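Hi there,

Here is the structure I promised to pass on.

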Amino acid sequence: MILRLRPVFLKAPLLAALLGAGLQLASPPAQAALFGDDEARQAVLNLRTKVDTLQRDLSRQLNDLASRQTDIEQRLGRLEVSQKASLSRQNDIDSLRQEVAQLRGQLEDTLNQLQQAQKSQQDMSADMDSRLKRFEPTQVTIDGRQFSVEQAEKNEFEAALALFRKSNFKAADQAFAKFAKTYPESPYLPTALYWQGGAQYAQGNYNGAVNTLQSLIQRFPDSARKADALLLIGNAQVDAGNDKAARQTFIRIGKEHPNTPAANAARERLKAM
């Protein structure tokens with residue numbers, strides 16, 4: 001709240017009374033006639049001097065009051081301008097605060113959208129990588145050797161092998177047969193034929209096992225599975241009642257693959273026959 005000070009002026013009746021008092025002082029009473037002319041003249045001069053002094057003092061006081069009033073009004077004016085400026089600045093600050101709040105909200109929305117976009121991009125990238133891996137070649141180790149195979153090829157072989165390990169020999173036999181037909185040039189093929197022959201042997205299909213394993217040896221004579229395949233052929237021949245063929249097979253293992261676990265097993269089988 002701005003307080004205004006009213007200017008202080010002497011009332012006209014008060015000024016008139018003061019001046020009147022001076023005039024009355026200037027008018028000697030009737031008894032003055034009793035004094036001499038010189039004394040009366042001196043008294044009048046003295047009164048006029050006092051009135052002049054009083055008027056100068058009052059005028060100086062009035063000027064001082066007027067000057068103080070002017071100074072106060074100027075100060076009030078400056079205060080009013082300062083208050084208006086402060087109010088204006090406060091309004092500007094409030095407006096800026098509102099804009100900052102709005103910008104903060106927009107920034108948070110933008111950050112949320114960016115995070116969502118980044119997450120979507122990561123999900124899409126992961127999905128794309130997963131899809132690409134289904135078609136990109138992958139490095140595998142088969143019987144101690146490195147090969148590059150398709151991901152689908154690797155998955156199908158491992159699925160067939162998992163069936164064999166679960167003793168689901170019939171399903172494994174079919175899965176390996178399908179694999180051999182789908183991937184005739186696969187580096188997994190010798191191993192697939194070996195396990196297919198094993199699945200057939202486990203089902204009691206000895207002739208089928210012999211045929212599958214002989215195909216493995218004929219097509220891949222340098223396969224690391226050859227000695228084990230011959231041993232499994234000999235066992236199938238024994239179980240099928242073909243001891244003569246089995247003996248020949250066990251002897252062949254000793255000649256072609258000496259000092260191997262298969263050769264040791266073949267000698268034991270020969271002793272038992």
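Let me start with one side chain: D123 is partly exposed at 42% relative accessibility (buried means under 20% relative accessible area, exposed over 50%, partly exposed in between, with a 1.4 Å probe and protein chains only). D123 meets K119 in a salt bridge, 3.1 Å from N to O (a side-chain nitrogen of Lys or Arg within 4 Å of a carboxyl oxygen of Asp or Glu). The two sit four residues apart in helix α2 (residues 37-133), so about one helical turn separates them.

Please keep in mind that this is a predicted model, where local features need pLDDT of at least 70, side-chain atom pairs count only at pLDDT 80 or more, and totals for chains, interfaces and linings use all residues. Residues are numbered from 1 along each chain as its sequence is written, and side-chain values use heavy atoms, leaving out hydrogens and water.

The structure holds five salt bridges, and K226, R252 and E256 are linked in a network of them. K226 and E256 come within 3.3 Å at their closest N and O atoms. K226 belongs to helix α7 and E256 to helix α8, so this pair ties together parts 30 residues apart in sequence. K226 is buried at 13% relative accessibility, whereas E256 is partly exposed at 38%. E256 also bridges to R252, at 3.0 Å.

Overall, the protein has nine helices and two strands (DSSP runs numbered from the N terminus: helices are H or I, at least four residues; strands are E, at least two).

Best wishes
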